[in-house]
Structure formats: structure tokens, C-alpha cells
Amino acid sequence: MTAPALDRAVPAAPRPRFLAGHFEDLGAQTETAQLGIWLFLGSEILFFGGLFTAYGVYRANHLELFRYAHHFLDWRLGALNTVVLIGSSLSAAWSVRCAQLGQRRGLRATLLVTLLLAAAFMAVKYLEYSHKLHHGVGWGASCHPDAEILGELPAALRAVPVPARLGTFFAVYYLMTGLHGIHVLAGMGLYLWLLARARRGDFGPEYWAPVDTVALYWHLVDMIWIFLFPLFYLIG
Amino acid sequence: MIPAARAAEPAGAPAESYLAHGRGPRAWLLTLDHKRIGVMYLVVITLALLLGGVFALVLRLNLWRPGGGLVSNDTYNKLFTLHGAVMIFLFVIPGIPAALGNFVLPLQLGAKDVAFPRVNLLSFWLYAIGATLFVAVLAVGGVDTGWTLYPPYSLEDARGLGILLALAAVFVAGFSSILTGVNFIASIHRLRAPGMGWFDLPLFLWALYATGVIQIIATPVLGITAAMGFMDRLFHLGLFMPEYGGDPVLFQHFFWFYSHPAVYIMILPAMGIVSEVVSVFSRKPIFGYRYIAMSSIAIAVIGFFVWGHHMFVSGQSRWTNLVFSFLTLLVAIPSAIKTFNWLATMYKGAIDLRTPMVYVLSFFAIFGVGGLTGLFLGALATDVPLHDTYFVVAHFHFVMVGAVLTAFLAGLHYWWPKMTGRMYGEGMARLAAALVFVGFNVTFVPQFFAGVAGMPRRYATYAPAFLGWNRASTVGAFVLALGMGLALGGLLASLRSGRRAPANPWGAASLEWTTPSPPPHENFEATPRPTGPYDFTGLRRVSDEAGWIRVPAEAAP
């Protein structure tokens, strides 16, 4: 009952350029890449999960402080960034479809739009950070808001003395938005890489796994912001 | 399951072994071959074990006299911190999955490599960077916080650069572990040989799967905790410092949310090795295959809900303590399921006392004691008085050192012929196994008694009443070290003088034994046809040189 080895049944077609040696075909490789990225994203959720838990604990311990401190954040800039990121997720999803359909120009355009929107997000974030740091709103022990930024607060709050532990709120704020920002920067790096490969014509209906997996990552980055925005900017 | 498999017959010219495929440092350091990455892990992990072991011996020598005196008390604190950190983060956590798992997993699947070979290499290098950072901690003067790095003590200004390096090392090594988990789970899902179903997987792979789940879910929480501690220490954020409005108990929750499941990252692969070895050397199919497989998953799941038992004396609410105590005791059920299935496998088996089996028998004894003493610590009423005593030290060394180390050595001897193509000397290896067992018990059994009598842990000195227990412990540590040295020496000597290993020296049925020892670069000359991993029918022993060969069913007498 010696069965012939399975290898011999496979016809000798030329191997696709981007097919790794340990896969039978590109379909298997793509599905494996998708499984891998989902597992990694699960890990990422737990990574941020620690910070979200910390947010909950500090908010419960210092509720008054969190209610006071969120007025330092401008919800209009946060909303703008939310729209920017959701837009970039749309173009990221579009880029996957373009790659699968072999629309090379569309692919390059959507990848570029995603990259530019990510850069716009970081630009807004830069304005927010620099405004705060310029006016002494740092984190932890180095949070001493100056008179000018206190003057921007609602009138009712200006009468209240600045809470002693304001830096705790901003430690959580900078850590969470900062880690998210690092993820945006990493995503920009990935989109630059995809763009370079798309210009070279690597992607097509057969081989689009990198576009897909990076887009999945990008959607997660977007999702995390969708939770950060209300937690910091909206709820009081 | 496919009924018959092909005998391992040499077809034409034998393929070049993975050890001969590409030479020079680049061909090793930048290799994508899971087998070479496994070997590199094995080398670094062995070095970490030696380093942590030397720390332990110095600690034990210092405890020879109640007043210490060999090293200063400050140095003692630093040594036990690094002993714990090096052993846990650099040896027991990656030991079995990263070193042996990397080598064996694709072979047992019948695959050519893991799912993401580049990620695998990245994972190795992250581990190597983490290990270097731990050594750097030593170079800048060490840390004296204990391996748990609890704030506020660890984040005070006086701690210096060492704590930053230690936190960075934890962070980096953690990512190595996550990536290994992703790779293993994706490989088991996607790269099984044609015809291999989930319940045709060797139990070692079920164990690695459960381990991977824990690595992916628990390790990122440790990563973010280390990052928070790092930023806290660097910028005085006060997140874990009560005087700045921070919460030190939150750190403990985060830390144990990882570090308790991490105990199962250590023990589950060890249990996987035991499942393989006990079946092969009892010459009986494993008893209760599905129960052992599912109990691995059960341990991984329950393990996520028990971390609070490390914090019974931290000041958390008594109701929390009660729930964690109850959940902790639940882990005993899947652990006992495994143990009884192993014993049932041996029952009426033709037990062959080769070295891996000797280690596995040691494992049963040590894991039995370690597991049962765990019940005292899981139960709230007995944990509170025992919590800060040597009873805890003895318990976790029984589980994390005794059990994991003996299983690691069992696996190392079991797969050594496959990895190196050489047979080690049985006599010396068995003697080493006996010394490891005796040395281990002489070291740690006295610590149970000292702990129950009230000897507190972590101190460089102790009351003279505990002298006898401590001296016994120190003597045992050196016997253990001698045994380990002998085991290592025997294995290394076999590289030069060992007999050539056949493809299947043990008569095992899983796929890694159907390919030559050492395997070719591509693992298999043809895509393998899996049989059941514990289906020993038709396996016949030919000779020492030719090993075991599977005779097709109809040709058998």
C-alpha cells in the first residue's frame, strides 16, 4: 500500500515570483498571512488593553480630575482627526480592492491618499501636542499650565484652582495617544513601502496579501482612535 | 487518518542535511531555516541557564551560614533578582517552545518551515537583544528589586539605570515571545501535512498551540506594563507611585495578568514533551489523547483568570481573593487529567528506561509534589501565612524548575539525535538524570520544611534555627549542578564521538522520525503521509545502526 508522494501529482508550473518555498500556492500563502495578521492584531488589542484598563482605574480614582482636565483638549481637532482617519481607512480598504482587481493606477492613488491622510492626522496631533507643551501642559510631575492656556478654559473652570494631580491625566493622555501616534507612524512607513512596491508593479489579482494585511493593521489603528477620541475629548 | 505510511527508505542520493546546507556565520545568523533558528535558540538558552545557575550557586553558598558573608547583602539582593529574571525570561519561558518547539514543530506537522520564517528570525534576534540587555543590567550595577520589579520601590530615583535596562529587556523579550506564538499558531492552522486533522496532531503541538494562545494574549500586557514603568521611571509620571496619585497595586495586577499565565507558557510545552516521551517509551499509544489535548486548552483558558492569587496579601478586596482562590483550584482538574492519562499510558506498557523516560519519571514525581503543594497556596487560608516563606520558593521551583527542567532535558535527549545526527551515551546520560533528580530534591524539599517553620524568603541572612535545612539545600544545589554539567558534557561529547543516529532511533510514530537524522534543509524529501502520531503498529526494530523501520501492514508477520 505504498502511496506515491503527493509532490509528483503537482504539474510543473512555473512558481510565482512571490510564492515562498514552504507554501503550495499563493492562495495558501495569502490565507496564512491573513491569519497571522489577525493573531498579531489580537495581541495589539491586549497591548492597548493595558492602557485602556489603566485609563479606567485612574479615571475611577480621580474622577473630578478627569472631568476638569478634559477641557484642555479641543474636541474640534479631535473630531477632525477622527474624520481624517476614517477617510484613510476607506482609502485603505479601496486599495485592497484595486490590488485584487489589478487596477494599478487606482492602487497607487489610494495608497497615496492613505499615506497623506495619515500624515494629516500626525500634523494635527503635532499642533495639539506643541500647543500644550508650549504652555506647560506636560505629563506627570512636569505639568504646570501657564495663565494663557488656563484662560482658554470655560469660565466656570477658571474659578476652580488647578488640581494638584493634573499631570496624572496628561500622563495617561500622552501615553495612549503617543502609543497610537507611534502606530500611525509605523503605518505610514508600511504605506511608503507598499507604494514603492506598487510602483514596481508587484501587486495584482494573484498577489495582494501585503496590501490586505497592512490595511487590516491600519483599520485597527483607526479603531483604537475611535475609542480614544470619546474617552479623552468628549466625556466629561 | 491514513492507514499506512511509507517506510523511511533512502530514495536515490540522500539530500544534504540542514547542518551542511550553507556554511559560515551568515548562513547561521541570518538563516530562515527553523531548524537552525531552533539550534541558535538552544545555544543562547543554555548560556542563560548557565548564567542563572551560577547566580543560584553563589546564593546557596552565601546561605551556608546564617549570617551570610560570602557576598554583601546588597550583592545578594542583586544576584537573586538577576537569578530570577534570567531564569524566567531567558530560560524557562523561551526554553521549550522557542528552542525545541522551533526545531520540532514544522517537522511534526510535515511542513517545510514555520508559517513566517522571517518573523521567526526577527523573534530570535529580539530575544538575543533582550538577553544582551539583561547582561547589561549586570554591567551597570544590577537591580535589587526581585524579578517582579514591584513599584514603588523599583521606580524610586535611587534605582538608577539598571531598572530601565531591565524593563527594556522585558519589553523586547516579550515581543520575541509574541511573534513566536503567532508563528506557531498560524503554522499549526495552515501547514499541517495533507490528511493531518486536528486530532492527528502530536500532543506536543497541542501544547504549543495552547502556549501560543497565552503568548499572544498575555505577553502584550507585560509589554505595556514594562513600557509604562519605563516612562514612569524616566519622566516621573507617577503612574504607579502613590505619592503622585498613582496605583502600585495596578502594576501588580498587570504584572500577574501576564506572569501567572506565563507559568503555563513554561509548563504546557513541558507537558507536551512528557506526552510524547511517555507514549514512545511505554510502547503504547497515549491514553486519553483528546482529554490531554483539551486539558492543554483548558489550562490555557483557566490560567487567565487566576492571577489574583499572587496578590492575596497585597490588600485587594477579600471578595476578590475568594473568587481568585476558587478559580485557582480549578486548574488542578485539567492538570490531574493529564497526570492520570500519563500514568494510564504507562500501565501495562513495555517501559523502556532510556534517558528521556528517566527524566519523564522524574517529572512525574516532581510535578506531583509541585502541583499538590500548589493547592496549599491556592487556598486562601493557607496561603496567607505561607505567602512570604520558603514554602513558596520551594513550590515554584518544583513546578517551574524541577518539572520544566526535567521535561526540557527529556525533550533535549529525545530530539538530540534528530537535531545533531548523533546518539549520546546512555550510561552517562542516565547517571546525569539520576543526579539531577536527587540534587533537585535535596535542594528544594528542605525549603518546604524551612518555609512551614517560618523562614521568610528573599533575605540574605536567616535565623540559626534554619541552619540544617539550608545546608542540605546548598549541598543539593551542587549535586544538581553536577548532574546538569554531566548531562551537558555527555551531549557535547556525543557531537564528536557519538554513534550516527538512524532516522528513527526510538521507534516513535510522529513525522519528524520519518526523515533522516539530521533532516535535510527542506525537512522531507517528499511531502510526508501522516499516520497517527501514536500508532506504533508495524514499527520494527532492526538494529542500533538502522533504528526502527515501519513495515507495511500486509508485509508484517
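Predicted model: local features only at pLDDT ≥ 70, side-chain atom pairs only at ≥ 80, totals over all residues.
Residues are numbered from 1 along each chain as its sequence is written, and chains are lettered from A and ligands numbered from 1 in the order in which they are written.

Here is the rest of chain B.

| Item | Value for chain B |
|---|---|
| C-alpha span along principal axes | about 75 × 45 × 45 Å |
| Buried residues | 57% of 557 residues |
| Contacts joining residues at least 24 apart | 83% of contacts between residues at least 6 apart in sequence |

Buried means 20 or more other C-beta atoms within 10 Å of a residue's own; a contact means C-beta atoms within 7 Å, placed from the backbone.

Now a helix pair in chain A. Helix α4 (residues 104–134) and helix α7 (residues 166–200) of chain A have axes that come within 9 Å and cross at roughly 155°. That makes α4(A) and α7(A) roughly antiparallel (angles over 145 degrees). Residues including A:L111, A:A118 and A:M122 in α4(A) meet a set in α7(A) that includes A:V184, A:M188 and A:L195. The residues of this contact of α4(A) with α7(A) split into 16 nonpolar, three polar and three charged.

Technical notes: Axes fitted to C-alpha atoms, helices over the stretch in contact; angles between N-to-C directions. Helix = DSSP H or I, 4+ residues; strand = E, 2+ residues; numbered from the N terminus. Parallel < 35°, antiparallel > 145°, perpendicular 65-115°, else oblique. Contact = placed C-beta atoms within 7 Å. Nonpolar A, V, L, I, M, F, W, Y, C, P; charged D, E, K, R; others polar. Buried ≥ 20, exposed ≤ 12 C-beta atoms within 10 Å, placed from the backbone.
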